[in-house]
Amino acid sequence: MKEHSLDHHHRDKHGKIGLKHGDTPVRTLRGIYGPGFAAGYPDTQKLSDVLDHLNETSLSQLRRDHETGHLDKKIAKASK
């Protein structure tokens, strides 16, 4: 089952970013993408809670790294 995301691309509900990285805190992702990532949400919020509300810039950055296989490495490095 698919749903439209904010940028009108389809997001597979059974996988992808939310399922694989949903427990990642916004704080970690801000360490990767900068302080503007998930603007308006607390550092302690989980990605799964904010994913459907991300602005186009934050979602594009996240999706690009996920699709190229770099997101896992970036999260692991930022979590150390």
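**Entry 1**

I looked up D72 and found it partly exposed, with a relative accessible area of 35%. Here buried means under 20% relative accessible area, exposed means over 50%, and partly exposed lies in between (1.4 Å probe, protein chains only). This is a predicted model, in which local features need pLDDT of at least 70, side-chain atom pairs count only at pLDDT 80 or more, and totals for chains, interfaces and linings use all residues. Residues are numbered from 1 along each chain as its sequence is written, and side-chain values use heavy atoms, with hydrogens and water left out.

Which residue meets D72 in a salt bridge? I found K20, at 3.1 Å from N to O. A salt bridge needs a side-chain nitrogen of Lys or Arg within 4 Å of a carboxyl oxygen of Asp or Glu. K20 sits in helix α1 (residues 16–21) and D72 in helix α5, 52 residues apart. Helices are DSSP runs (H or I, at least four residues), numbered from the N terminus. K20 is exposed, at 53% relative accessible area.

**Entry 2: confidence**

I checked pLDDT, the predictor's confidence in each residue, from 0 to 100. The protein chain averages 84, and 81% of the residues score at least 70. Over residues 1–15 the pLDDT is below 50, yet this stretch has 27 contacts in the model beyond near neighbours in sequence. A contact means heavy atoms within 4.5 Å. Where pLDDT is low, predicted coordinates should not be read in detail.

**Entry 3: helix α2**

Next I took helix α2, residues 26–33. Its buried residues are V26, T28, L29, R30 and Y33. Their cover includes α3 (47–50), α4 (56–68) and α5 (71–79). After α2 comes G34, with a positive phi near 105 degrees.

R30 is buried at 15% relative accessibility. R30 forms a salt bridge with D43, with the closest N and O atoms 2.4 Å apart. D43 lies in the loop between α2 and α3, 13 residues from R30. D43 is partly exposed, at 36%.

Y33 is buried too, at 14%. I counted 1 aromatic pair in the structure. Y33 and F37 form a stacked pair because their ring centres are 5.3 Å apart and their planes meet at 25 degrees. Rings of Phe, Tyr and Trp (its six-membered ring) pair if their centres lie within 6.5 Å; planes under 30 degrees apart are stacked, over 60 edge-to-face, and the rest tilted.

**Entry 4: D65**

Is D65 buried or exposed? D65 is buried, at 3% relative accessibility. D65 belongs to helix α4. Its side chain makes a polar contact of 2.7 Å with that of Y33. A polar contact is a pair of N or O atoms within 3.5 Å; within protein, one must be able to donate a hydrogen and the other to accept it, and residues adjacent in sequence count only if both atoms are side-chain atoms. D65 also forms a salt bridge with R64, at 3.6 Å. Shared partners join R64, D65 and K74 into one network.

**Entry 5: the core**

Last, I looked at the largest nonpolar core, which has 14 residues. Such a core is a set of buried Ala, Val, Leu, Ile, Met, Phe, Trp, Tyr and Cys residues joined through side-chain atoms within 4.5 Å. Among the residues with the most contacts inside it are L29, F37 and L47. Helix α2 gives the most, with 3 residues.

Key
Helices (H or I, at least four residues) and strands (E, at least two) are DSSP runs, numbered from the N terminus.
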